[in-house]
Each structure stands twice: as C-alpha cells, then as structure tokens.
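Here is a short tour of one protein chain, written for a first look. Keep the 3D view open and find each residue as you read.

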Amino acid sequence: MSAWFLIAAVASTTVRVGYEENPPMAFTGSSGRPDGFFVELIAAIAGEEGWEPEFVSGEWPLLMQMLEEGSIDLLLGTAVSPARREQFLFPENGIYSGWSVLAVKRSDRFAAVTDLEGAGIAMVRDDIHSVTFLELTDRLGVSVEPVWASDFQSAMESVNRGEADGAAVPWHSLAYFGHSLNLHGSPVVWNPVQTSIAGNVHTAPVLIRAIDRCLTEMKDDRNSPYYRLRAKWLYREHTLLRRISPYVLGFLVGAVVISIVVGNLRLMREVRRKNRILRINSTLAAVAGTVNEAGGLDELCSRVVEALAGLLETANLYVAVHVPERDEFIVPKCMDLYDKDNRISNPGSLTHLVFHGNRSIMWNKTEIQAHYRESGGSAEGTPAEQWLGVPIRAGREPVGVVAVQSYDNPEQFGPGDLELLEAVGAQLGGAILRLKAIEDLTVSRRRLARLMNADPSAVVLLDASGTVQDCTPRALELLDRTEDGLVGMNFFSLLKEGAERLRQFLGSAPADGCFRFIGRLSRRDGSDFPFEARASVFEEAGGKFFFLGIQDATRRLALEAEAARNERLESLGILAGGIAHDFNNILTGILANLSLLKREKPGSARFAALAADTEKAAVNARHLTSQLLTFSMGGAPVKRVVPTAELLEQAARFMLRGSGVSFSVKAEPGLWNLEANPEQFSQMVGNLVLNSKQAMNDKGSINVTASNMTLDLSGEEGLAAGRYVRLLFQDSGPGIPGDIADRVFDPYFTTREKGHGLGLTTSHSIVARHGGIIRILPSRKGALFEVVMPAAGSEAPEPPESEKPGLERPGRVLVLDDEEIVRTAAKNLLEALGCEADLAADGESAVAMYRRAFREDRPYDAVIMDLTLPGGIGGEQAVKEVLAVDPAARVIVSSGYSGNSIMANYSDHGFSGVLGKPYTLSELSEVIRRVLKD
C-alpha cells in the first residue's frame, strides 16, 4: 500500500519532513508524490504515532538550513557525523549503513585508487561522497578530473554515455540504478557512513524519541515494515536469468561449459583475482568502518591489524603511531610471531626510515642488510626475509607507519599488497590524528583536574553577569558551600568588599585580559574573610567567561602585619640610636655649660655667654623633639596665619647658612598667606632644602616657585575644593631615580649611609596634617618636589609677637603639672614676671585649690594645666570642673605633645590659650598677656 494511503486515516499532528531527490532513499515518484525507503519508513512510523507528515522537497544545503532554523522538523537520509550530532538530534537506532563506491562500466578497470590517475570522475558538487573521494585522492597524490552532475543518477548516466570513467556515488544508488545503466561497483570504496533521520533540537525531541521507539520494535520483528522496505528498496533482485529466454539460456550454458573446458586455468586465475579484489574491497570497507567507529587508538589499530592479517595471510603485522616529542613510535597493536614490541625508539629502524622519508619500502633480507651497512645502523629483533612498510598520512604529512613482514618467504608480498597498505594508510591518517587529539585532550583534562584539586587556591568560572558556571573543590571548601549550592549562584552576592572592581572588569575586560583585586567574601554561616584574587578572561562560543583564582588572605595579612611590626621595631631601634646620639651631643653642651656657669660670677660677660650657649642647646633639643612629635601619629597642628614667601625664605636661608648652594624664591604677586604651624612649615621646608643640599654635595642651586591655586571641585589627589598655595622646589642635582621615587617618603628609607630616613617622611607628615599634598614630579634635570597647602582666609598675617618678656598686670597663677621640675621651672618664670604662683601635682588638688580660692574671693587670674597626667584626672577633665566653679576662668593648656588635637583646637575644649613645652620666659609672658587681655 502506498505511503499516502497508509497515513490517510490519521491527522492529529503535522510533522514537517524534508527530503532531497536521492532515489531510492527519498525522491518524488512519477505520480508527483514522495516515495522511497525513508519516505515509506517515516510514513509507517507516522501511522503508528498518529502524525500527519507534510513532505518538503529541496536541495540539500537549503534543507539543512531549514532544519536548523526549525522550518522543517525532520530531514530524511542525513549522514551521521560527530559535527552533525552536536547540531541536530538523531535516533539511537541505526537505520541504514552504507559506503561510497566508484561506479564503472567494467569492474576490473580500477583495482585501486592509484589507478585513477587522470581519470574523469562524475560527482555531485558539495556532496559528502564526492568531498571524501577528493580528500582520499589528494592524500594519495592521485589527480582526477571532476565531471560535475546534478544528482547521483545523472552522474551514473554520464558514465554510461562514456562522458566519465567512473562516478563517486553511494552504494544504494548504484544498487538501484546500476543494472539499468550497465554499471558495476569497483574495488575502490571509501567513507562508510550511517544514514538516518535528523531532527531539529527544539521542535523534534519528542519525534526522535518516538522514531527510536518504533525502530526498536520493528527491528525485533523480521516481518516489520523496516525489513520489508529494506528488501524492497535497498536489495532489489535484478538477476540476468529472469530477463532472457530459455533458448538463449541454453546457448549461454553451452558456451559457458565450452569456455570452462577450454580455459580452465585462465578462469581459475581470474577467479582468484576476483576473489582477492572482493576481499580487498571487503577489507577496505572494514577499515573504513573502523576509522569511523573506533573509540580509541588501541581499538583502531587492533581492528585494522586483524582485518589486514587475514587478507595478507600473515601473522606479523603492526601499526606504529609517531610521537613527535620523542621521535619514537608507540605500537598499540603488534601481531608478531617473535617480537612483541609496543615501542620503537631506535632511530635507525626501518619504521623511522619510512616515516622520515615519507615513502613506502618493500625490501627483502639482502636489501635490508645492505641498508644497515650503508647507514651504519643496526637492526633490532628477529631478522625478516621480507619487510613491507608504508607511511600513514594525514593529508601529505606522515603520522605513523603500517608494516608487515615475513620471516620465511622473501617474496610473500607484492605490488598489490603495497597498494593495499597505501590505501589503508591514507584512510588511517585522519582517524589517528583525531583519536590522538581526543586522547591528548582526555589526558590533559585528567591532569588539569588533578592540578585543580591540588591547587591551594580556589578557582571559580564566571560568565559576564557574574554567575558561577563551575568551580574547584577548594572553592567549595573555602566558601563552605556544596557544588549545587555554588554553581548557578551570582558571585556578587558573596562579596562584602571588592564587588565594584570585579563588576568593572567583567563589563570592560579585553580578550585575554587579567587583573588582581582584594576584598572580603562571606561563607555560608555568615562569617567573612579577606581574600586576594586574580581574574582572567577568555572567549568561548561567542561569549566572555572569567576565571577567578581566590586565595584566603587571612594568614598572609597576619604575617605581613607581624613582619611590619618587626620591621618597625628594628627601624625604631635604628632611629632611637640616632636620637640618643643627637641628644647626647646636646646634653653634653648643656651639662658642660652648666658646670662652667657654677664657676662664673652672675652678671659677667662670660656668664652671659655660657647661659646663651646653654639656651641655644636646649632650643636644639626642642627642635629635635618637635620633629619626632610631628612624625608621630598625633592630631592636627596648632596653626595660625603666616606669610608664605617670608617664612619660606627664612627657613631655606637658615638651612643653607654657610653652604655653597644658591637659593631663590619666585613668588606670584599677591601670593596668599598660609594657615599653618610656622615651626612645622619651616621644618618641612628645611628638610626639602637639606635633602637637595646633600644630593648636590653642598654645591648647586635650589629654585622655588610659589603660586596661588584654586580648586573648584573636590577630588584632586584627595584635596577638597578651596584656595591653596602651590610650591615647586627644583634643584640642579642628579635627580631621584625612578625605582626609588615611590619610596622616598617611606619611614626610615634613606640612600645615605649616616641618614635616619626621617626628613622627607616628616615633611610628608607635616603637609598631610595641614590638609595638603607633597609629591615628586618628573624632571629632566634635578629633583622636583611639589607642595600644595591650604591658603589662609585672612589676607594679612598676624602681627609679630613681642619678644620682650613682662606683664603689665601681674597676677595669681595656678600651675598643674605632675613633674616637679616643670612645676619649679614654671614657678621661677612666673615669679620673674612678677606673678604669684601656686603649684598642684594632680588634677584633684588643682580643682580643690581653685574652688577654695574662688570661695574666699581670691580667684586665680590664670591656670596653666598639663594635658596628660598619670592617674587621676588630667587637664581635659580638670578644666571642665574649674569652669563649672567659675565660667570666667582663664585656663591655659600646656603639653609637650604639641600635635595633640586638643592643643590644636584648645578653645573647643574650654581652654583660653595654649602653651607648648618646653617654653621660654618670653613665650610664657606672651600667652599669659594674651589670655589676661582677652
């Protein structure tokens, strides 16, 4: 019954089925309806499943495109290949397996592919049979002339008309059309292929499963439509006896009998030749099938060796695969009576000779021995009477060798055997490369898995959105997650810090880009830890993916902190030694002068000179402590409005006194004043000048440019918007090498043997605490430092303080300090100013004394309080209690730690003035005068 009648009764699901004109597999019959093996088979399955097929005929490239786009659901007669399995769906059950064959008029014209040199071969353009045929001839170096045809029937008709010597067609087409066109199959066969039904991956999964199920049931029943259709379309009988008359048959039988009697020997030879051709054809088909089906090198080589051994009637045969890294061969399958090597490493072997010469060899024992004598090499293993080896080629390049040998017959193999092995070698090359690549990939993946498991860092694979695609076991351990819990999660949900940097990288990373970043990651239990990561990008399947290698940084940070502490202790030891040295020098001068003062008469010139030297040494000690306090982690400096150019000039000239270095200041007209601590600003300038002076070996020039600068927006190197003064210090020295430019501000870093590395560090600290920046700028000659500091709101500097000590109205002053020497010194200085001084050693006593004096109506005119006292209350608490007694109290804060934030902002804490330790008589006089005046 026709396929159309078979499906007429069912009409529930429309299935769009494509087919190419390819008799007898699928074609449009004389009635204009689809017909053929695959058409009737899908119709039978449709009848079982309740489908209504809608057949679409077309050219193969268009049909493939329609199947991929989903315009059709199924495509009949599709050759199965690994690439197509990734692109389409196929039933697990095989439907039809065939191969390519060269259809010719005389089956004995071409015994091997090498006989095709210069022959005209009819082919269908871009068809798989013609493509693989051209690949085969190209590998063997055989040149043919293509005669292009529109389909397989036309190709075979061109051979029938004599327009082509042969046609590259599938076996089933030759079986269907060959008899009517008087064509036969030649021994040249290739490309075993499974032909099946392909389905669209989106629309046909259910259809393919149903087809698979029906095929399973049909193959279990020998009377099923599957077997009936195979017999009908693929194995049709076209016997000659059905087409000739009995009379002609009798004549032919007589002729045959006479021919047998007359030419018995000739016929026997022909039969043997034909049998051998058939056996060769069968062997090549088996090899071709093995090439497509083998799952590994061992299986491929074993099956090829077994197939060839029966045909060549030998028990000594092997296939050797070349290993380029070591220039040796592995032998997955060695069939040999005496030697069973699985590796050939002797560079003088015949296998190496065939491979590197890229040519076949068929030598007897004498020729083999002559070769070894001439080459100086030596044979290994049992000597052979005859040895035949051919290169296995992929394209034109050898990848291995197939060889046979005889230990007892020097003429066992002939030219036909050589051609056979060459044909086999041509088919094996591509398969060996493919299977080697698969094995190498498998080994590589196995190694990669081991490496990933052994890697102490956790690795996650992210897509462009940050979703985890894969991860290593260490990543699961580190994040305390299961694989199901981590894969598919958005990685950003785990980040507590570092998300912004990662998001920027995922959004803008170039191909093969990488970067490092740090942050904090959370675990499943809610805890978190610091990490450092390296991210890299790669492209795959049109998208970007990112490897993220993560390491827990907890231990490293702890070790670094410990190392930093040790380094600081070591550096502080060096620094303490330098400070002790400087203080010892100063104390030597002070003690020496004091011992001499005891022997001099007060009021004498000698006494005055010694006193002046002693005071100078004490001032130097104060400068040293000021430098150390500035470098320490104190609060804001005590600032006032200072004239920039004037202070700059004074500080630099003082540092260069007696030096051979010239100095100049170029100030912008109307240069703004600074709001700064004058001592610290002078110290900063002095350090920069001293650094240049030492770098120039006390000769050269230093030029300073001062200019106004306004920032409208915040963000410039961390500076807020506002007015600034910009200073550029340029010297004529050798400059600062680029490899240390980033380290010159580091604590304790110095390039001078006797330096302590505090100068530039202190300068950096001073500028930073004033709200400015200091940095090194590129310079062609000498060092160039840039300093930017906030300008003062006032245009005029404060009036200079009086240098003459004394008070217009002396009064009663209460001094609070825990150090007796300080209390005594303060009392002496106050009495020298005409004041009455009372002393307190702790905060409680000071508050009690002030409260009592206030009740007795004898209040103190001023109180000088030390800021920090060991035990009890200090100045910060004491001033609150004094102000609670007397809101009009005048309290002066005094401390040796001038960088304390209370000292810088004393009025915010209730103090009326500030007095830094150590202080002179004039400094004490000035602050008391200002407080009493206010």
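In this predicted model, ring pairs join F27, Y176, F177 and W233 into a cluster. A search of the whole structure turns up 14 aromatic pairs. The points below start with these rings, move on to a helix and the cores, and end with the loops and the confidence of the model.

**Aromatic rings**

- A pair of aromatic rings is described by how far apart the centres lie and by the angle of the planes.
- F27 and Y176 make a tilted pair, with 6.4 Å centre to centre and 50 degrees between the planes.
- This pair links distant parts of the chain: F27 belongs to strand β2 (residues 27-28) and Y176 to helix α7 (residues 171-177), 149 residues apart.
- Are F27 and Y176 buried or exposed? Both F27 and Y176 are buried.
- The rings of F37 and F38 are edge-to-face, because their planes meet at 75 degrees, which is over 60, and their centres are 5.2 Å apart.
- F37 has 0% relative accessibility, so it counts as buried.
- F38 also counts as buried, because its relative accessibility is 0%.

**Charges over rings**

- The charged end of R125 sits over the ring of W148, at 4.2 Å from the ring's centre.
- R812 has its charged end over the ring of Y860, 4.3 Å from the centre of that ring.

**Helix α2**

- Helix α2 covers residues 37-49.
- How does the span of α2 agree with its 13 residues? At 1.5 Å a residue they should span 18 Å, and the end C-alpha atoms are 19 Å apart, which agrees.
- α2 is largely enclosed by the rest of the structure, because 10 of its 13 residues are buried.
- The buried residues of α2 are F37, F38, V39, E40, L41, I42, A43, A44, I45 and A46.
- After α2 comes G50, which has a positive phi near 80 degrees.

**Nonpolar cores**

- Which residues touch the most other members of the largest nonpolar core? Of its 52 residues, they are F37, L41, L74, L76, I95, M156 and I211.
- Helix α2 gives this core its largest share, eight residues.
- Leaving aside residues up to four places away in sequence, I211 touches I42, I45, W51, L74, P91 and I197.
- Another core lies apart from this one; it has 35 residues, including V685, I702, V744 and F745.

**The chain as a whole**

- The chain contains 28 helices and 34 strands.
- Of its 934 residues, 43% are buried.
- Take the contacts between residues at least 6 apart in sequence: 67% of them join residues at least 24 apart.

**Loops and backbone details**

- P23 and P24 are joined by a cis peptide bond, with omega about 0 degrees.
- P24 is found in the loop between β1 (13-19) and β2.
- A cis peptide bond also runs from K917 to P918, where omega is near -10 degrees.
- P918 is in the loop between β34 (913-916) and α28 (921-933).
- D698 is a residue other than glycine with a positive phi, near 65 degrees.
- The loop that holds D698 runs between α22 (678-695) and β26 (699-711).
- D698 counts as partly exposed because its relative accessibility is 34%, a value between the limits of 20% and 50%.
- D857 is not a glycine either, yet its phi is positive, about 60 degrees.
- D857 lies in the loop between α25 (843-855) and β32 (862-866).
- Is D857 buried or exposed? D857 is exposed, because its relative accessible area is 66%, and exposed means over 50%.

**How confident is the model?**

- The mean pLDDT of the chain is 80, and 82% of the residues reach 70 or more.
- Over residues 1-12, pLDDT stays under 50, and the model has 20 contacts beyond four places in sequence for them.
- Where pLDDT is low, the predicted coordinates should not be read in detail.

Definitions and conventions
Residues are numbered from 1 along each chain as its sequence is written. This is a predicted model: local features need pLDDT of at least 70, side-chain atom pairs count only at pLDDT 80 or more; totals for chains, interfaces and linings use all residues. Side-chain values use heavy atoms; hydrogens and water are left out. A nonpolar core is a set of buried Ala, Val, Leu, Ile, Met, Phe, Trp, Tyr and Cys residues joined through side-chain atoms within 4.5 Å. Buried means under 20% relative accessible area, exposed over 50%, partly exposed in between (1.4 Å probe, protein chains only). Helices (H or I, at least four residues) and strands (E, at least two) are DSSP runs, numbered from the N terminus. Contact means heavy atoms within 4.5 Å. pLDDT is the predictor's confidence in each residue, from 0 to 100. Rings of Phe, Tyr and Trp (its six-membered ring) pair if their centres lie within 6.5 Å; planes under 30 degrees apart count as stacked, over 60 as edge-to-face and the rest as tilted. A charge sits over a ring if NZ of Lys or CZ of Arg is within 6 Å of the ring centre and within 35 degrees of the ring normal. The expected span of a helix is 1.5 Å times one less than its number of residues.
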